[in-house]
Amino acid sequence: MKLPKKKTPQPASTEPETTAQAAQWTNGGLLGARGVTIAIAAALVCGPAALAMTVLSGGGSSEAAPQVVSSEQVSPLQQSAGSFAAGFVGAWLAADRDNSSALDAYTTANIELPKTGFQYRDLVVASSTTTRDGLAQVVVAANVKDDTIDADKGDQWPRRYFQVTVTDGGNKLSAVGLPAPVAGPRHTTDGSSLGYGETIATNSAAGKAVNAFLAAYLTGQGDTEPYTAPSKSIPPIDPAPYTSLSISTLTATTAPSEHPTDGATVNVYATVTASNSVGQQVTATYPITLRARADRWEVSGLGTAPTLSNSDAATPAPSATPAPTEGN
């Protein structure tokens, strides 16, 4: 039995910005109600390998999470189902006996509400897929505070995942049932075996091309254009986030020639350490495609998927088409 609810407004948060509050979400025009400022950035993709990030920070937090943007087409339902499902999960987590008006905007189900709702933060859409019946299955992730965990013995904000089924019957989104807690994706530190079996010297023709390009791309040392294929546009990061870089390892699928024939291609994999002016540094890896022209190597692809050991791309033919690049 759903207990009576007092429709009392929520007081403004007095906790520090770093502490997540049990934010209230509503559907449609109710999104701005009760003084809660909410930012939604939905960039959903179709398929199990794709991820999307939609920020719904608890307690009116202004923090924003990065978006994952995909060039794959998604249905109109998927585009809107993510923010709808995330709002539903936020309202469902935060609802309590005294205030559940946000939840009422999503469901009329008779729910026994807790005395105190859950606090959450970093609420995002993890995935969205479409079923054969035309329903959107959305998985929403959030760090939900667990007061049963001793702060001295474990993380009080474990990552939780919730699945919501959404339909757009009559051009109006609605939920099928309630959010359901589900197991999150499994992670492993054992990566797939890469297909770059040849070590390249950084002072080789290919090594110099990679180093010069990445220096321009990451540190603003010159322009990237002189080191890219004529038909490719790979602009540098602006403003440049780093002031220096060094290549620690450089490998390739096949040994690149010092005097390559025009049209020859090779996939390389660079591990670099980049530093800024205050000594902060990161180590990153870049899959790069090189293409030969006029007796030199030029970058024709950046940020493409790495070549795995069982991939046919591990031994590219000289006439292979250059991989897609940024800016195309």
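This is a predicted model: local features need pLDDT of at least 70, side-chain atom pairs count only at pLDDT 80 or more; totals for chains, interfaces and linings use all residues.
How many nonpolar, polar and charged residues does the lining of the second largest pocket have? By class, the lining holds 8 nonpolar, 5 polar and 5 charged residues.

Strand 3 supplies the largest share, with 4 residues.

Five strands form an open sheet in the order 6-7-8-9-10, and the pairing is antiparallel. Strands of a sheet pair through backbone hydrogen bonds, in either a parallel or an antiparallel sense. Which strands stand at the edges? They are strand 6 (198–199) and strand 10 (296–302). Each has a single partner strand, so one side of each lacks a neighbour in the sheet.

Helix 3 (residues 205–219) packs on this sheet. The helix touches strand 7, strand 8, strand 9 (281–293) and strand 10. Its direction makes about 140° with that of strand 7.

Walk across the sheet from strand 7. Strand 7 covers residues 244–252, and strand 8 covers residues 265–275. The two run antiparallel and are joined by 8 bridges. Within this pairing, Ile 247 has Val 272 of strand 8 as its bridge partner.

The next step is from strand 8 to strand 9. These strands pair over 11 bridges, again in the antiparallel sense. Val 266 stands opposite Leu 290 of strand 9. The connection is a hairpin, with 5 residues between the two strands. In the turn, Gly 279 has a positive phi of about 90°.

Arg 293 stands opposite Arg 296 in strand 10. Strand 9 and strand 10 also form a hairpin, with 2 residues between them. Its turn contains Ala 294, whose phi is positive at about 55°.

Two further backbone details deserve a look. Where does Pro 239 lie? Pro 239 sits in the loop between helix 3 and strand 7. Phi of Asp 122 is near 55°, a positive value in a residue other than glycine.

How much confidence does the predictor attach to the chain? The mean pLDDT of the protein chain is 77, and 70% of its residues reach 70 or more. Residues 1–72 have pLDDT below 50. In the model, this stretch makes 151 contacts beyond near neighbours in sequence. Residues 313–328 also stay under 50 in pLDDT. For them the model has 44 contacts beyond four places in sequence.

How values were computed:
Residues are numbered from 1 along each chain as its sequence is written. Side-chain values use heavy atoms; hydrogens and water are left out. Two strands pair if DSSP finds at least two bridges between them. Contact means heavy atoms within 4.5 Å. Axes are lines fitted to C-alpha atoms, for helices over the stretch in contact, and angles run from 0 to 180 degrees between N-to-C directions. pLDDT is the predictor's confidence in each residue, from 0 to 100. Ala, Val, Leu, Ile, Met, Phe, Trp, Tyr, Cys and Pro count as nonpolar, Asp, Glu, Lys and Arg as charged, and the others, Gly among them, as polar.
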